[in-house]
Amino acid sequence: MEAVTIKDIARALNLSTSTVSRALRGSYEINPETKRLVMEYAERMNYRPNPIALSLKENRSRVIGVIVPQIANDFFSQAINGIEAIAYNRGYHVIIAQSHESFEREVVTVQQSVARKVDGLLISLSSETNDVSHLQELRQKNFPIVLFDRVSDELDTVKIVSDNYGGAFAATEHLIRSGRRRIAHVTIPPYMSITQERLAGYRAALEQNGLPYDESLIRYVGFGQHEIDPIVDDLLEQSPPPDAFFAASDRLALGCLATLQARRIVIPEQVSIVGFTNIGVAHLLSPPMSTVVQPAKEIGQTAAERLIELIERKQKAAPVDTVRIPTQLIARQSSGV
């Protein structure tokens, strides 16, 4: 059976080939009902765009570059699934690269991606990145870039993030309502956007519930278990010690859980724990871990959609803004549920 073409769809629906082409690309010029008819027929007939033909016609590679800190991170692997789903349906290929939490490697990877003629970039900044001049230079040339999850206010472009503030507020308030009063917050480097937003939500929940914000309960940590152990020990030596830990990521929460259990601290009777991200095994831990769910796949889908808008609409693209996608607290036994 021969592959269905745009001409076939146009003939079947009594539309022009240009109308069908724009509808398949999601163009704002085509009314929603026509888009629906075209998309439904294309799906029914198993239509798939020819990326080589499209790239020759439109003078674009129809390739999107995606740069993440670490693919093995459950959040980023889910986000990539969302990105690829949207890109595939819109006739784009995806090239994925890792910065491995290195600023230098991020810069090199961006340069290599642009040299390979990608049409745009989706980037989540490395933990070392507090200088975005390498991206500012590209934006000044109108090169399409969308940041997601880890973003920078210094870059004038679309940003897709979780509601980090709301998720942190909900997690902290949950611990307060379960009777906890000295809630430690273990987080990542202070200049990162997600660090600032989650810290702000934590602080607001304390203050709105009549508890003091205590800097001595805040700890910043890198990405190794060897860094978490001494921080947890230092917090436990306080008088009185924390009765709860809110970690800014599930990776940190797992590290805190391991250290506390090694010190024979009973969870949640002595200390409660809540994480952030919702790793796939959170419910299988002992005890099952409470966490704030980030809608990773939805973030990836939204980021890909907005990048393709920037690529295809050019000057008529949606305005530069920050899209915040809601989070959800899942309370389990680690916080006393």
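Reply: Helices here are DSSP runs of H or I with at least four residues, strands are runs of E with at least two, and both are numbered from the N terminus. Keep in mind that this is a predicted model, where local features need pLDDT of at least 70 and side-chain atom pairs count only at pLDDT 80 or more, while totals for chains, interfaces and linings use all residues. Residues are numbered from 1 along each chain as its sequence is written, and side-chain values use heavy atoms, with hydrogens and water left out.

The C-alpha trace spans about 75 × 40 × 35 Å along its principal axes. Of the chain's 337 residues, 53% count as buried; buried means under 20% relative accessible area, exposed means over 50%, and partly exposed is in between, using a 1.4 Å probe and protein chains only. Contact means heavy atoms within 4.5 Å. Take the contacts between residues at least 6 apart in sequence: 71% of them join residues at least 24 apart.

Now for the sheet. Six strands make an open sheet in the order β2-β1-β3-β4-β5-β11, and the pairing is parallel. Two strands pair if DSSP finds at least two bridges between them. β2 (93-98) and β11 (322-325) stand at the edges with a single partner strand each, so one side of each has no neighbour in the sheet. Direction ignored, neighbouring strands are turned by 20° against each other on average. Helix α5 (residues 74-89) packs on this sheet, touching β1 (63-68), β2, β3 (120-123) and β4 (145-148), and its direction makes about 160° with that of β2. For angles like that, axes are lines fitted to C-alpha atoms (for helices, over the stretch in contact), and the angles run from 0 to 180 degrees between N-to-C directions.

Zoom in on β5. Five of the five residues of β5 are buried, so the strand is largely enclosed by the rest of the structure. In a regular strand, side chains alternate between the two faces of the sheet. Both faces of β5 are covered: Val158, Ile160 and Ser162 are buried on one side, and Lys159 and Val161 are buried on the other. As for partners, three bridges join β4 to β5, which run parallel, and Leu147 has Lys159 in β5 as its bridge partner. Strand β5 (residues 158-162) is also joined to β11 by four bridges, again running parallel. There, Lys159 stands opposite Thr322, and Ile160 stands opposite Val323.

For a helix pair elsewhere in the chain, look at α6 (residues 103-115) and α7 (residues 133-140), whose axes come within 10 Å and cross at roughly 25°. That makes α6 roughly parallel to α7, since angles under 35 degrees count as roughly parallel, over 145 as roughly antiparallel, 65 to 115 as roughly perpendicular and the rest as oblique. Phe103, Glu106, Val107, Val110 and Val114 in α6 meet His134, Leu135 and Leu138 in α7. By class, this contact has six nonpolar, one polar and one charged residues. Ala, Val, Leu, Ile, Met, Phe, Trp, Tyr, Cys and Pro count as nonpolar, Asp, Glu, Lys and Arg as charged, and the others, Gly among them, as polar.

There's also another sheet to know about. This open sheet of six strands has the order β7-β6-β8-β9-β10-β12, with mixed pairing. Its edge strands are β7 (218-220) and β12 (328-330), each pairing on one side only. The twist averages 20° from one strand to the next. Helix α8 (residues 164-177) packs on the sheet, touching β6 (183-187), β8 (244-247), β9, β10 and β12, and its direction makes about 165° with that of β9. Helix α9 (residues 193-208) packs on it too, touching β6, β7, β8 and β9, with its direction at about 175° to that of β6. Inside the sheet, four bridges join β9 (residues 272-277) to β10 (residues 290-293), which run parallel, and Phe276 stands opposite Val292 in β10.

Ser249 is found in the loop between β8 and α11, and at 13% relative accessibility it counts as buried. Leaving aside neighbours within four places in sequence, Ser249 is in contact with Gly275, Phe276 and Thr277.
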